[in-house]
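Subject: Structure handover

Hello,

Please find the structure below. My notes on what was found in it come after.

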Amino acid sequence: VFVSLLMLFAFFDVVGELKNIGRGSYRLPTLLQYVLWLLPGHVYELFPIAVLIGTLFALTQLNSHSELTVMRASGLSLVSISRSLMVMGAVLAAMTFLFGEYVAPHSERRAQQLWIQATNSVVAQAFRSGLWVKDGNSFVNVETINPDASLSNVKIYEFDATYKLKSISFAKRGEHVAENKWRITEVEQTVFDENGATLKKITDANWNSVLTPSILSVLREKPGQMSVQDLAAFVEHLKDNNQDTNRYEIAFWSKIVYPAAVMVMMLLAVPFSSFQKRSGGVGAKIFVGIMLGLVFHFVNRLFAHIGQLNDWPPFLSASLPSWVFLTLALVMLYRVQRV
């Protein structure tokens, strides 16, 4: 069932990309390769559903052969069964976190690079004028971030401590050469002082900036596709520049909390699997499990957007669906335990 869900999401990706066939060198083989690079991200997103289905199937099989009934009659409570499952759940949650931290972001980045190179697209262009970034007392406008992380048509507006414009620099190209250092070429710099404006033309110069290719790459990625480490670094950068961090903090806490959803799904499977045969066979319970898992998946995404729109605390926006489903699991577990 998990493989079927992955194939379904991959099919949606293929359908969504058909309109781009013919752009540059983007053909069907490239499209299929692009979709394959997206699969690890879907594995990460759908893994809690897979765990719910697997746990539900295993426990339902035990219940259908009366083995679970014998265990409970022998003194093993559902709480004890749940406690045993949580040990395995913790291992699976750790695996989910590692997969989402190291495998999925890397594959998403490779997919994006492949798409950009094949379609000859601009990497980042937040506005018609390009990408705008605050860097200390400077505002930087980058028309194009190229696939090799170099910059084209860079404008740097530098202000003093009182926000008085000191200079405007325009560079045809910028290349990252070291930590916090760029080499910019074909530079035209207009310097403003009490005597007026002075124009300088420089063949190449060093530009010290906190911006790095990794930070710029963050700007062209969706927050949910980034690693915890990249999100933490970018949130810190935004805070240093007094910019809104809500969207990225929600994504950060989602990455922290989401693996715990694996344990919540396992716990939810216990009361569902413990219902008697008359309440539905294995197929019916698996179907309910799939529906519950998909509801959790989409509700999780929905609350991230609602939290961002209503400026909720990031941790609450990221964890509320998990708390709701955990409460549902505990209430159902309590009711089944009393039967």
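W182 and W207 are both buried, meaning under 20% relative accessible area, where over 50% is exposed and anything in between is partly exposed (1.4 Å probe, protein chains only). This is a predicted model, in which local features need pLDDT of at least 70, side-chain atom pairs count only at pLDDT 80 or more, and totals for chains, interfaces and linings use all residues. Residues are numbered from 1 along each chain as its sequence is written, and side-chain values use heavy atoms, with hydrogens and water left out.

Aromatic rings

The structure holds 13 aromatic pairs. Rings of Phe, Tyr and Trp (its six-membered ring) pair if their centres lie within 6.5 Å; planes under 30 degrees apart are stacked, over 60 edge-to-face, and the rest tilted. The ring centres of W182 and W207 are 6.2 Å apart and the planes meet at 40°, so this pair is tilted. W182 belongs to strand β5 and W207 to strand β6 (residues 196-208), so the pair ties together parts 25 residues apart in sequence. Strands here are DSSP runs (E, at least two residues), as are helices (H or I, at least four), numbered from the N terminus.

F252 and W253 make an edge-to-face pair, with 5.4 Å from centre to centre and 80° between the planes. W253 counts as partly exposed because its relative accessibility is 29%. One aromatic cluster is formed by Y44, Y258, F296 and F325.

Y44 also has the charged end of K255 over its ring, 4.4 Å from the centre. The cut-off is NZ of Lys or CZ of Arg within 6 Å of the ring centre and within 35 degrees of the ring normal. R247 lies over the face of Y248, 5.7 Å from the ring centre.

Backbone

Two residues other than glycine have positive phi: N153, near 55°, and E186, about 50°. N153 is in strand β3 (residues 151-159), and E186 is in strand β5 (residues 181-193). E186 counts as exposed because its relative accessibility is 53%.

Largest pocket

The largest pocket is lined by 35 residues, of which E45, K222, G224, Q225 and R301 lie nearest its centre. A pocket is an open set of points on a 1 Å grid over the protein atoms alone, where a 1.4 Å probe fits, with protein on both sides within 12 Å along at least five of seven lines; lining residues have an atom within 4 Å of a point. Among the helices that each supply at least two lining residues are α2 (28-64) and α9 (282-309).

Regards
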